Amino acid sequence: MLTTIATASYTMSAAAYFFLAVLLLTRWRGRLHGIILPVACLFSALWAATLAYQANQPPSLSLLTDIVEILRNAGWTAFLIVLLGPYRQVESSSIISRIRPAIAVIVVLYLACLAVALYAHGDFNLSSHQTIDFNNSIAGSVAMAIVGMILVEQLYRNTPIKQRWGIKFACLGIGGIFVYDFYLYSDALLLKHVNPEIWTARGIVNALVVPLIAVSAARNPQWSLGITVSRRILFYSVALFGAAAYLLAMAAAGYYLRFFGGSWGTVMQVTFLFGAVVLLLLVMFSGTLRSWLRVFISKHFFSYNYDYREEWLHFTRTLSRGEHALGERVIQALAQLVESPGGGLWISRESGDCEPVAHWNMPMAGGLEPINSSFCKFLEQKEWVIELQEYATNPEKYLAITLPQWLQAIPKARLVVPLIQHRKLLGFVVLAEPRSSVKLNWEVSDLLKVAGNQAASYLAQHEAANALLVARQFESFNRMSTFVVHDLKNLVSQLSLLLSNAEKHKKNPEFQKDMLETVYLSVQKMKRLLEKLSSGDSSEKAAPLFIAGLLQEAAKSKSTTEPKPILEILDSSVAVYANSSRLERVIGHLIQNAIEATPRDGEVRVRLRREKGFAIVEIKDTGHGMSEEFIREKLFKPFETTKSAGMGIGVFESKEYVSELGGELEVVSSESGGTIFRVILPLHQNDRAAEVIR
């Protein structure tokens, strides 16, 4: 009964594959991927027809069935490899000559399976039905199924999401073939015989996947998909496969030592395996080996040496992370493009020389290179990457420029990468000998040049930021110096008024007392100003402050002047949150301005009051006043003043600090009608809460 079903099952599969092959051949347009799919279908049809013809024999026990099964699996494997990318544009007549290491292992696997089949059948009689050793034949079938499943998974994973609709049915169908084979032969390997029921159903299963492959063929008549293998996946896959092969070989060697080592067999086996594992770990963590493998894969598995998206992302991340100084990051970013272990960075300076500023895994070179030397001029004009070994053998290519002596003295120096910014040489990077052999072809040279330009922009931005920081520091120092000079000018004016009144009141004890106190306070203020200027610290901490006491000190310091300010404190409990020194300078400056603008027989009045959550300090004089135009356009601007000896920054500083405290500085004035300045400051939080309670 099973024999009849098996015949029908495999006949159905043969007819389905043959029909699909004919349809595909009629649509073939001369492309490699256009011929491999029909060939794979023809091999599948031949395989199914052979099994249908021998359905009355025990499952898979003839050399002929083994050979056609290997051909079928090889056809589908070749088709998957072509879709994965490396041979999409290779003509069918040259595929053998263009074969690459990417499928070398698979070819070896299939040749090994063929050799095992020939060895298992011994007499090479195609009609022979001898019993096959499962350890030699079934394991090969399992291996072919695993390879097929891996290729299907890679095809689907590396296909762009928008294009997966065209290949998903083919992946499902071809993957189903290999999955079913894996199930069949794994079961046979476990139970030591092929299950007849599973073997019989195999033909129907293969026939069912034909429509799935046909749908994908209809969606992709050219099978021209933009699919590539991930370099990272391929790198780790090759490394893992190599490690697995190594461990298997070492395990076999360890078994041999144990079997033939006599009484020392177990000791020798354990010692050998431990040493083998340690050696494997050393090799896997070797930067040189990883670099060699990465370059080998790029050379032999891909049309281009670089995955530019991954390289640029890695390059940008290296430049952006802040683990090291920018100079070292620039060297690392360029070095990783060619697997170089180190390098040095030279930057042009205003002195006219390119000087070394950073190094990474390379001794710091002490050479200075003039920016107008032939070496630097060549880098700037040609923007070429100089390969020092090539220069040694063919200096004419580089216009016979003279290499600097310090460059030739650097051990293992290999490449010089120019850093060009706006067609000017910003500097250059010297890279050490790469860990693995890298040929400086057009692709590597162009990548290094573009990366060098990008690195130059980072360095130029960094230099500009440093220059801006220095300029801001000088600006801050100059600004602070201006305010300090202004405060000193006020103190000088105050002392000058004191001296002008000394002749008249020098015999007055009260005047003498006020004069000494004023001189003492002026000296203390000048000392504080000089200390702040020398330290460069312009920060002054704020604290709760009773403003009445501050006004009393300010008025007292002006008591020797004429007119003498009149102080009116309507509420002595008013407190604000400010720095006493800065607020005293603001009030003192406004009082000083009022005194200077008022004749001796005039009046300057200072009043403090509380109003709706604010402390208001009002400074009123009967002086010459200011015009509305001056108040609107010049009063609060720095370096604008009506006084012949003034600097024009006092009112500007006062307004800036009052605004910083969250207050306002108001002014009401008219020419010949006097001036009123109002300093309006928010009350301290506790004082404001007490006002609300009242």
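In this predicted model, strands β4 and β5 (residues 413-421) pair in the antiparallel sense through 2 bridges. E387 has L415 of β5 as its bridge partner.

| Helix | Strands touched | Angle between directions |
|---|---|---|
| α13 (residues 326-335) | β1, β2, β5 and β6 (424-432) | about 75° with β2 |
| α14 (residues 374-382) | β2, β3, β4, β5 and β6 | about 105° with β6 |

The sheet itself is open and consists of 6 strands in the order β3-β2-β1-β6-β5-β4, with antiparallel pairing. Its edges are formed by β3 and β4 (386-387); each has a single partner strand, so one side of each lacks a neighbour in the sheet.

At the β3 end, β2 is joined to strand β3 (residues 369-370) by 2 bridges in an antiparallel arrangement, and D353 stands opposite P370 in β3. Strand β2 (residues 353-360) also pairs with β1 (residues 343-348), in the antiparallel sense and over 6 bridges; here G344 stands opposite H359 in β2. The hairpin of β1 and β2 has 4 residues between the strands, and G352 in this hairpin adopts a positive phi near 95°.

Which residues make the nonpolar surface patch? F18, V22, L25 and L42 form this patch of about 330 Å². Helix α1 (residues 2-26) gives the most to the patch, with 3 residues.

Methods. Residues numbered from 1 in each chain as written. Predicted model: local features only at pLDDT ≥ 70, side-chain atom pairs only at ≥ 80, totals over all residues. Heavy atoms only, no water. Patch = residues over 30% accessible without salt bridge, like charges linked within 9 Å, V, L, I, M, F, W, Y side chains within 5 Å. Areas by Shrake-Rupley, 256 points an atom, 1.4 Å probe, with all protein chains shown as cover. Salt bridge = Lys/Arg side-chain N within 4 Å of Asp/Glu carboxyl O. Pairing = 2+ DSSP bridges. Contact = heavy atoms within 4.5 Å. Axes fitted to C-alpha atoms, helices over the stretch in contact; angles between N-to-C directions.
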